[in-house]
Amino acid sequence: MIQSLTIKNTAIIDKLTVEFGEGLNCLSGETGAGKSIIIDSICCLLGERSSRENIRNGCESASVQGVFYDESEAVLDLLEEFGIDVEDDGTLILFREYGVSGKNICRINGQAVTLSMLKKLGETLIDIHGQHDSHALLMPASHIDILDAFGGEEITAVKTRYKSAYAHLHEIDAEIKSLSGDPEERQAKIDLLSFQIEEIKSAEFKIGEEEELEDRRKVLANAEDISVCLNGTYARLTESDGMHGSVCDALYDIQSDFEKISEYSEKYSELLEKINDAVYALEDVTSVLRREKDEDLYNKEEADEIDERLELIFKLKRKYGATIKEILKFCDEAAEKLSAIENSAERYDAALKERASVCEILKDLCEDLNFMRAKAALILESNISGELSDMDMSKVKFKAKIDYENTDDGEEISFGKNGLDSVEFLVSTNPGEPPRPLAKIASGGELSRIMLAIKCVLAEIDNTPTLIFDEIDTGISGQTAISVGTKFKKLSKNHQVICVTHLAQIAAIANHNIFVSKVSLDEQTRTSVKVLNGDEKVLEICRLLDGGEITETTIGHAKELIQRLSK
């Protein structure tokens with residue numbers, strides 16, 4: 001429930017705090033005093049759209065803050081989801097500021113949140129019914145949702161299963177559409193993929209092949225320099241120049257000398273081991289040089305083959321990937337696509353079978369929904385008729401008409417998002433007249449009362465702690481107004497109810513009366529609110545009853561009305 005609302009710099013409000021209590025709260029006051037601004041500010045606090053035009057003239061921003069208490073499980077779950085701490089005293093503080101720049105600042109218990117988070121939380125705190133909400137009743141498309149909401153968890157559970165199967169049906173239909181494309185286009189894809197796969201496979205590429213070919217081409221291109229180096233090195237290692245022996249002979253001599261002195265010291269023995277390693281290494285080098293120097297390093301035929309191979313790699317790299325690895329990956333993916341297309345006929349048949357199975361499930365769920373809706377409709381009709389009777393509309397007959405699509409003619413079933421049902425609320429305002437759509441029958445006053453009857457019935461199963469009714473009593477008076485006030489009072493037993501009214505009969509029955517007025521100060525107009533005490537409430541009822549000069553007679557009438565409706 002909302003405990004207080006603080007509004008700053010909004011329209012003709014500079015700063016205003018409104019205190020609300022449990023039970024039925026009635027806001028009254030002269031037209032244009034600011035009652036609608038208060039309701040609009042609550043809507044803004046709950047995440048609805050704000051307008052810069054509402055910002056008070058000369059101000060850069062406007063803000064609204066609400067303090068709530070008695071948090072429900074739904075609220076606590078959302079706070080946990082948002083990672084917001086719960087206050088020790090159980091209060092919940094919502095804040096929103098919006099500026100001329102369009103920027104929003106939103107907070108929950110002092111923690112910054114997004115506007116969508118604020119709206120999601122707001123939906124669990126307050127349900128607002130305005131005088132313009134009746135337009136929704138004139139649109140048959142909304143009627144099935146109202147009936148389903150009244151049906152409660154039983155319908156919700158089946159509807160959830162239906163929506164899941166319905167979404168699966170759309171996925172299957174999309175697959176069937178993709179599998180039943182143009183045959184010529186399908187064959188063109190097969191031909192292209194087959195060519196690409198064959199072109200890559202015929203090349204017989206190996207990962208690392210390009211690098212090996214590049215290395216070999218470097219050797220062939222520099223064969224003469226390599227040959228000179230190999231022969232010269234081999235000669236220096238194995239041949240003497242007449243004055244000096246070869247490098248190998250010199251190393252052998254050194255090895256022989258150290259063998260003689262190695263037994264004299266450990267360090268000479270260690271040096272001999274290193275010399276022996278050098279001798280073995282040099283012998284390996286000499287052996288390799290002996291083989292390599294005698295080979296014919298340049299082979300024109302091999303060079304031409306390498307160039308052709310590298311040219312093929314370059315060509316396919318331009319078409320299929322930057323490396324041989326990527327080219328081979330492209331080939332694998334193309335093979336998978338080709339297999340999928342070639343097997344599409346089999347997949348198409350399987351998809352059709354799966355579709356038929358899902359359709360059977362959907363049809364069964366539609367029948368379940370139709371049965372549950374029919375049962376809920378009877379209860380809804382009875383309850384709304386009872387509410388209408390209480391508001392002096394006992395002759396009005398309300399009917400929730402359900403049409404179920406006939407699927408026994410063998411034609412393909414066309415499932416909708418809500419099943420095979422269509423729902424429309426019909427009303428007969430006079431005995432003997434057939435029920436007709438609300439838009440063609442109900443007058444403004446009748447429509448307001450029918451809407452209130454529906455809201456009252458739905459509110460019985462509504463867990464939202466606070467309900468706000470904004471001037472939905474328009475067009476009624478007298479005993480009917482008393483009946484409407486009684487409905488509000490009934491709702492206030494299980495909900496906090498806030499009502500904006502111009503009717504004395506409704507204001508008289510309220511637990512808390514809040515008077516909204518305009519005051520002029522320093523050539524500026526501001527909105528003021530006051531929670532009325534007993535005597536002040538009597539005077540306000542007098543104003544609503546007569547609007548003229550307050551006399552002993554009107555005061556007596558007001559007291560009598562308050563006393564009679566308080567029983």
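A: Tyrosine 264 sits in the loop between α10 (247–261) and α11 (266–293). Helices (H or I, at least four residues) and strands (E, at least two) are DSSP runs, numbered from the N terminus. This is a predicted model, where local features need pLDDT of at least 70, side-chain atom pairs count only at pLDDT 80 or more, and totals for chains, interfaces and linings use all residues. Residues are numbered from 1 along each chain as its sequence is written, and side-chain values use heavy atoms, with hydrogens and water left out.

Q: Is tyrosine 264 buried or exposed?
A: Tyrosine 264 counts as exposed because its relative accessibility is 62%. The cut-offs: buried is under 20% relative accessible area, exposed is over 50%, and partly exposed is in between (1.4 Å probe, protein chains only).

Q: Which residues form a nonpolar patch on the surface?
A: Tyr264, Tyr268 and Leu271, with about 320 Å² of accessible area together. Patch residues have over 30% relative accessible area and no salt bridge; like charges are joined within 9 Å, nonpolar side chains (Val, Leu, Ile, Met, Phe, Trp, Tyr) within 5 Å. The areas come from the Shrake-Rupley method with a 1.4 Å probe, and for residues only the protein chains shown count as cover.

Q: Switching to α2. Which residues are buried there?
A: Helix α2 covers residues 73–82, and Val75, Leu78, Leu79 and Phe82 are buried in it. They sit on the same side of α2, because they cover an arc of only 100 degrees around the axis. That arc is taken from the directions from the helix axis to the C-beta atoms.

Q: What do the buried residues of α2 pack against?
A: Against β5 (92–99), β6 (104–108), β7 (111–113) and α3 (115–125). Contact here means heavy atoms within 4.5 Å.

Q: And what is on the face turned away from the buried side?
A: Glu73, Glu80 and Glu81, which are exposed. Glycine 83 follows α2, and its phi is positive, near 75 degrees.

Q: New topic. How many aromatic pairs are there in the whole structure?
A: The search finds 4. Rings of Phe, Tyr and Trp (its six-membered ring) pair if their centres lie within 6.5 Å; planes under 30 degrees apart count as stacked, over 60 as edge-to-face and the rest as tilted. One of the pairs is tyrosine 320 with phenylalanine 330, tilted, at 4.8 Å centre to centre and 35 degrees between the planes. Tyrosine 320 is in helix α12 (residues 300–320) and phenylalanine 330 in helix α13 (residues 324–342), 10 residues apart.

Q: How accessible are tyrosine 320 and phenylalanine 330?
A: Tyrosine 320 counts as buried at 8% relative accessibility. Phenylalanine 330 is partly exposed at 25%. Phenylalanine 398 and phenylalanine 425 also form a tilted pair, 5.1 Å centre to centre with 55 degrees between the planes. Phenylalanine 398 lies in strand β9 (residues 397–404) and phenylalanine 425 in strand β10 (residues 421–428), so that pair ties together parts 27 residues apart in sequence. Phenylalanine 398 is buried at 5% relative accessibility, and phenylalanine 425 is buried at 1%.

Q: On to charges. How many salt bridges does the structure hold?
A: It holds 21. A salt bridge is a side-chain nitrogen of Lys or Arg within 4 Å of a carboxyl oxygen of Asp or Glu. Among them is glutamate 209 with arginine 309, at 2.6 Å, N to O. Glutamate 209 lies in helix α8 (residues 209–221) and arginine 309 in helix α12, so the pair ties together parts 100 residues apart in sequence.

Q: Where is lysine 487?
A: In helix α17 (residues 478–491). Lysine 487 is buried, with a relative accessible area of 4%.

Q: What meets its side chain in a salt bridge?
A: Glutamate 387, at 2.6 Å, N to O. Glutamate 387 is in helix α14 (residues 344–390), 100 residues apart from lysine 487. Glutamate 387 counts as buried too, at 8% relative accessibility.

Q: What else is lysine 487 in contact with?
A: Leaving aside neighbours within four places in sequence, lysine 487 contacts Glu387, Asp390, Met391, Leu452 and Cys456.
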